[in-house]
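Hi,

Here is the structure I promised to pass on.

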Amino acid sequence: MVSRLSFAGVIARLFMWAFLLALVVVVVYPLLWMVLNGFKTNAELFGDPFALPVDWSFGNYAKAWNRGVSGYLTTSVLVTVTSTVATVFVSAWAAYGLTRVAIPLNKVFTGLILGGLMLAPTVALVPLVKMFQSMGLYNSFWALLILYTAFRIPFTTFLIRAYMIDLPREVDEAAEMDGAGRWTAFWRIILPMCKPIITSVVLLQILFTWNEYLFAMVFTSGSGVQTLPVGLTSLMSKHGTEFPVVFAGMVIAAVPVVLLFLFGQRYIVKGLADGIGK
Amino acid sequence: MRAIIRLAWVVPALVLVGVFVYLPLVQNFGFSTLEWDIYSGSRQYVGLDNYRKLLDDPVFWSSLGNNLLYAAISVAVQVFGALVLAALIESVRSERWRRGLRVVYFIPSAISLTVAGLLFYFLYEPNLGVLNHALDAAGLGHLAQAWLGQESTAMLAVIAMSQWQGFGYSTLLFAVAIQRIPSEIYGAAAIDGTGPVRRFFSVTLPLVREMTGLMTMVTISGAFQVFNEVMVMTGGGPDNSTQVLGTWLYRSGFVRNDFGYAAAIATVLFVLTLAVALAQLWVTSRRRVEW
């Protein structure tokens with residue numbers, strides 16, 4: 001790239017860097033403040049908000065853990081794992097059927113499944129509550145598992161389908177010549193070839209499930225079925241005067257997904273970009 | 001017969017989406033014509049009464065206004081702001097810095113809206129929050145106020161948090177879109193002696209317009225579905241000034257026990273989000289950017 005080091009250019013670069021770095025501070029400082037507050041006492045918290053914690057003890061974390069966060073975390077992990085497995089399998093099945101099997105009314109089914117992308121969960125809220133009450137699944141683990149799976153199938157199928165469509169036809173023909181049935185072809189050949197997109201959708205589903213609030217709040221009330229986002233708000237209302245414990249809970253909820261993003265960002269970015277940009 | 005067996009591939013997805021996504025949507029229309037007390041179980045057909053009630057409900061209109069404000073600010077910040085930011089980041093020469101900036105800006109999007117909302121609830125808090133203290137320290141103490149506690153600032157304070165949480169996500173996507181522009185095009189522009197500002201308007205902007213269109217639609221659709229951050233930060237208060245359609249629906253149905261009315265609000269949300277989605281389909285179906 002040809003660059004001309006003019007005076008105006010240098011000034012412009014300076015301004016740009018000042019802006020970019022100021023934005024880094026705006027993003028990082030609140031997060032840092034949250035982590036630091038998790039180590040403070042209540043008195044410190046209401047003192048100088050810029051001060052560092054006097055004593056770096058994990059007492060607030062232990063308190064948060066014992067006051068329900070361990071349970072919320074367990075539920076979050078269970079819902080996340082089960083709904084991710086369910087969503088990815090059902091979606092990959094559907095994507096395989098839609099792209100590589102001669103199915104009657106293929107276009108109609110594709111439209112129906114992907115059309116779900118256009119519908120907002122909020123719109124279905126009232127009837128869903130009635131439905132789950134009459135099934136006896138209201139306020140249960142199953143409600144979240146079913147909803148997180150059903151509402152994410154359109155998006156997940158969309159991403160996997162877009163990837164499978166580009167896999168060469170010869171792959172299926174070779175599998176057929178080997179006498180492999182459809183099931184074997186899917187399981188042994190196509191699915192392994194889709195590993196990059198599967199990684200992306202798994203990570204995206206984890207991010208979604210871990211952070212989801214609307215369904216979690218409306219469909220669960222007792223402890224034992226509450227996930228972290230809802231659990232944090234109950235921690236806040238129950239122990240409202242002990243804010244450092246709430247901060248500790250927030251950090252516990254945030255750390256796993258931030259780490260997940262830092263390690264899996266390549267796949268998350270690629271999955272999102274392919275999905276939205278394709 | 002074999003064709004029917006082959007359907008087994010799509011049946012699980014179809015059943016789940018059909019029963020839990022489409023069916024409730026259809027039921028919702030029916031529900032919105034009922035006067036329905038969930039405790040006594042009494043249901044009565046009232047036709048379009050719930051919709052008439054909507055028109056006369058000032059909170060419905062202020063909620064819709066808040067959603068629109070949300071959409072306008074989010075499009076300005078998370079679409080156009082993010083696009084400029086992405087172009088700035090991609091103009092940095094060091095690959096390590098580019099990646100580092102993208103990652104740092106994205107972190108708020110990885111943490112949940114609940115955590116971010118609670119965090120900003122505390123930041124705005126007059127006694128222990130850093131915002132008022134920072135203003136004080138900067139000699140702007142007269143600007144310090146109860147950001148979430150008064151009608152004049154509460155909605156904007158919630159929206160500001162949402163921008164903080166979401167801008168990195170769209171910046172990341174724009175950065176990827178800019179990276180996909182072949183470098184020869186930029187090279188040619190540089191040889192022509194085009195300055196960076198001209199280059200942004202004459203090369204970058206036209207070539208990422210597809211992503212811009214999509215992000216605009218995604219952002220508007222998201223702005224109509226806002227729920228989480230409002231519930232966590234203000235619960236719709238003070239005096240319903242931060243209610244949005246989603247929270248007003250929730251409050252009407254599950255707190256004020258008026259299921260039919262909540263269903264009517266849901267219908268409005270459905271129409272709005274569907275309109276945006278159809279616009280999005282229209283944008284994608286137009287000719288793609290080609291190079």
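F174(B) touches A82(B), L83(B), A86(B), V208(B) and M211(B), leaving out residues up to four places away in sequence; contact here means C-beta atoms, placed from the backbone, within 7 Å. Bear in mind that this is a predicted model: local features need pLDDT of at least 70, side-chain atom pairs count only at pLDDT 80 or more, and totals for chains, interfaces and linings use all residues. Residues are numbered from 1 along each chain as its sequence is written, while chains are lettered from A and ligands numbered from 1 in the order in which they are written.

F174(B) is also among the residues with the most contacts inside the largest nonpolar core, which has 164 residues; L147(A), M250(A), L118(B), I265(B) and A266(B) are the others listed. A core is a set of buried Ala, Val, Leu, Ile, Met, Phe, Trp, Tyr and Cys residues joined through C-beta atoms within 7 Å. Buried means 20 or more other C-beta atoms within 10 Å of the residue's own, against 12 or fewer for exposed and partly exposed in between, again with C-beta atoms placed from the backbone.

Now the interface. 75 residues of chain A are in contact with 65 residues of chain B. On the chain A side, helix α13 (residues 243-277) gives the largest share, 14 residues. That side divides into 65 nonpolar, 10 polar and no charged residues. (Ala, Val, Leu, Ile, Met, Phe, Trp, Tyr, Cys and Pro count as nonpolar, Asp, Glu, Lys and Arg as charged, the others, Gly among them, as polar; helices, H or I of at least four residues, and strands, E of at least two, are DSSP runs numbered from the N terminus.)

What about α11(B), residues 209-224? Its 16 residues should span 22 Å at 1.5 Å a residue, and the end C-alpha atoms are 23 Å apart, so the two agree. M211(B), one of the contacts of F174(B), is buried in α11(B), as are M215(B) and F224(B), among others.

As for chain B overall, there are 14 helices and 2 strands, and buried residues make up 44% of its 291 residues.

Cheers

Notes:
Contact = placed C-beta atoms within 7 Å. Expected span 1.5 Å × (residues − 1).
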